[in-house]
Amino acid sequence: QVQVVESGGGLVQPGGSLRLSCTVSGTNFRTTSLSWYRRAVGKQREFVAMITGNGHIDYTESVRGRFTISRDNEKSAVYLQMNSLKPEDTAVYYCNVVSVISGKLNNDWGQGTQVTVSS
């Protein structure tokens, strides 16, 4: 069973920084595709950033240049460094893990971590 646990959310002032972490267990982490999504109040969940097993990275346009996704295969962890935060970044952030286990595609989510950007 794949387990996904996020941490690192909190309250930060506009222009500040936060680093989200997501640890994964129960799968071959090195071959997983890892993504961050977010859901703001009253809005649909949206894609934020992704990093594949071979290191391909992509961002949604609104965070490009401000957010950085990275992974540590030794620690089975993925990170989202968020700089120059804006009030519109306020949301619950979710870690998503796509992996193949015994030939079956798995799509697993963490419980989410709240990020609030406010003065």
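What joins the side chains of Asn107 and Asn96? I began my notebook with this question, and I kept in mind that the model is a predicted one.

**Entry one: Asn107.** I found that a polar contact of 2.5 Å joins the side chain of Asn107 to that of Asn96. When I looked up where Asn107 sits, I saw that it belongs to strand E10, which covers residues 104-109. I then set aside the neighbours within four places in sequence, and the residues in contact with Asn107 were Asn96, Val97 and Val98. For Val97 I also noted the spacing to Asn107, which is 10 residues along the sequence and 5.8 Å from C-alpha to C-alpha in space.

**Entry two: the disulfide.** I next searched for disulfides and the count came to one. It joins Cys22 to Cys95, with 2.2 Å from S to S. This pair links distant parts of the chain, since Cys22 lies in strand E3 (residues 18-25) and Cys95 in strand E9 (residues 91-101), 73 residues apart. I looked up the angle about the S-S bond as well, and at -80 degrees the link of Cys22 and Cys95 is left-handed. Are these two cysteines buried or exposed? I noted that Cys22 and Cys95 are both buried.

**Entry three: the largest pocket.** Last, I turned to the largest pocket, which holds about 200 Å³ of space. I listed 13 residues in its lining, and those nearest the centre of the pocket are Arg38, Ala40, Lys43, Glu46 and Glu88. When I sorted the lining of this pocket by class, I wrote down eight charged, three polar and two nonpolar residues.

Note on methods:
Residues are numbered from 1 along each chain as its sequence is written. This is a predicted model: local features need pLDDT of at least 70, side-chain atom pairs count only at pLDDT 80 or more; totals for chains, interfaces and linings use all residues. Side-chain values use heavy atoms; hydrogens and water are left out. On a 1 Å grid over the protein atoms alone, a cavity is a set of points where a 1.4 Å probe fits but cannot get out, and a pocket is an open set with protein on both sides within 12 Å along at least five of seven lines; lining residues have an atom within 4 Å of a point. Grid points are joined across faces, edges and corners, and a volume is the space filled by probe spheres set on the points. Ala, Val, Leu, Ile, Met, Phe, Trp, Tyr, Cys and Pro count as nonpolar, Asp, Glu, Lys and Arg as charged, and the others, Gly among them, as polar. Helices (H or I, at least four residues) and strands (E, at least two) are DSSP runs, numbered from the N terminus. Contact means heavy atoms within 4.5 Å. A polar contact is a pair of N or O atoms within 3.5 Å; within protein, one must be able to donate a hydrogen and the other to accept it, and residues adjacent in sequence count only if both atoms are side-chain atoms. A disulfide is a pair of cysteine sulfur atoms within 2.5 Å. Buried means under 20% relative accessible area, exposed over 50%, partly exposed in between (1.4 Å probe, protein chains only).
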